[in-house]
Amino acid sequence: MVRCTLILVLSIVFVPVVFASTIKDIINEQSKISPNLSISIKNITKNKMIVSHRYKARMTPASNQKILTTLAGLEFLGPNYKFQTHIYFIDSVNDSGIYKGDIFIDTKGDPSLTSKKIKKVILFFKQRGIKEINGNLVINNNYFEKPFYNKTWKSSWKGLSWAPYISSVAIDNNLYTKDETLYLTDNPLYLLGVIFKKQMKSNGIKFKGQIQLKNISNSIKLNPKKIKYTIDSKELSELIYIVNKQSNNLYAEHIFKKISANYFRKSGSWRDSQKIMRFFLNRKVKIENSEFNIEDGSGLSKYNSVTTNSIVNLLEYAIKRDYFNDFYNSLPIAGLDGTLLRRFKLKPLYKNMRAKTGYIKGVSSLSGYFYGKNNDLYIFSIIVNDYNYSIRNFIEKILTKTYYL
């Protein structure tokens, strides 16, 4: 009897320990350990800001930057947009199957090209009767700007798969195998040429020419005798699913540069895409320049900065757009998939939250949506900079507390 009473007393004491502290108390306690902490949480159903702790402090967002990139991509390109790669040659194959001329590959920024898709091009050549090519393989190299590597990324990251080189195409995720070891290429365009040559050889088409990376003239592109084969990527709505679920830096940067290439009709660049991003945030979302700085599309640069207030405003803006479901479905589901697969395994947030994670050294971020106990929709953004320990328990505690309001 005494033992049962003791258990009952402990149970009664234990529950208030979890819920007695207010949200403000929890934040104040965490701020002693993490002074560089910013939080914004808004009840969208009631149009009420619930938490606004240092909400206008500019923070390094890490991969929360991908929220900005994917929404800008959907805004300016549209969810049904497809990247295209054009392969063509001038129709002059003789009776012996010999083509005397160059093969041209007009790259347009596709991050998802694969060797399997190139094989289909080679089979198309064979269907046209080509057995031998007496010319070069010319690959367009001016659709995206140089350098391929962002100057604000750490040089020590070069060669790592999550810090990719960004040219006007990526094939097989810019990875290749040599001596049973996987490497990241520093020249994606040349890798495309190498794979193209290998596919021709393995499919019985003779080719002894060179790989040339240069501009393709309009006289070639507009030649009425050219034979063209076009490779389409999946729709943008499916590509941003990869960006946000997997936090894919390669796809994010290709989408980022594609925005300016498509909008300005010149070489896509980090600088020009920054201009379009500022226009998007200023004119459409109504966010002031003082609340953000854009350096890249993936969040790798330490010079990216944004307020949690801005992220919440952007996520609220997205709700009103026709492409919202495409964006919402691209976000990881708490405890179920993507980068949230191993987090938030307990209710009330389990399967009830969709959010984008972010992490680089010294930075942890999480922003997204969840429903409260009364089915009110909440938007939140939490970013901590200059930390050296896990902040996950704090984030879960704050969001769980908000759920029960």
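**Exercise 1.** Determine the strand order of the open sheet of 5 strands, and state which strands stand at its edges.

Solution. Step 1: the order is E13-E8-E5-E3-E14, and the pairing is mixed. Here strands (E, at least two residues) and helices (H or I, at least four) are DSSP runs numbered from the N terminus, and two strands pair if DSSP finds at least two bridges between them.
Step 1: strand E13 (211–213) and strand E14 (226–235) each have a single partner strand, so one side of each is left without a neighbour in the sheet.
Step 2: on average, neighbouring strands of this sheet are turned by 20° against each other, with direction ignored. Axes are lines fitted to C-alpha atoms, for helices over the stretch in contact, and angles run from 0 to 180 degrees between N-to-C directions.

The model is predicted: local features need pLDDT of at least 70, side-chain atom pairs count only at pLDDT 80 or more, and totals for chains, interfaces and linings use all residues. Residues are numbered from 1 along each chain as its sequence is written, and side-chain values use heavy atoms, leaving out hydrogens and water.

**Exercise 2.** Describe how strand E3 and strand E5 pair, and identify the helices that touch them.

Solution. Step 1: E3 (residues 82–90) and E5 (residues 103–106) are antiparallel, with 3 bridges. Tyr88 stands opposite Phe104 in E5.
Step 1: helix H4 (residues 115–127) packs on the sheet and touches E3, E5 and E14, where contact means heavy atoms within 4.5 Å. The direction of H4 makes about 155° with that of E14.
Step 2: H5 lies across E3, E5, strand E8 (137–139) and E13, and runs at about 155° to E13.

**Exercise 3.** Compare the span of helix H5 with its expected value, and list its buried residues.

Solution. Step 1: H5 (residues 188–202) has 15 residues. The expected span is 1.5 Å times one less than the number of residues.
Step 1: from first to last C-alpha, H5 reaches 21 Å, close to the 21 Å expected.
Step 2: the buried residues (under 20% relative accessible area, 1.4 Å probe, protein chains only; exposed is over 50%, partly exposed in between) of H5 include Leu189, Leu192, Ile195, Phe196 and Met200.
Step 3: just after H5, Gly204 takes a positive phi of about 80°.

**Exercise 4.** Characterise the hairpin of E17 and E18.

Solution. Step 1: strand E17 (residues 353–360) and strand E18 (residues 363–371) run antiparallel, joined by 8 bridges. Gly358 stands opposite Ser365 in E18.
Step 1: between the two strands of the hairpin lie 2 residues, and Gly362 in the turn has a positive phi of about 85°.
Step 2: in E17, 7 of its 8 residues are buried.
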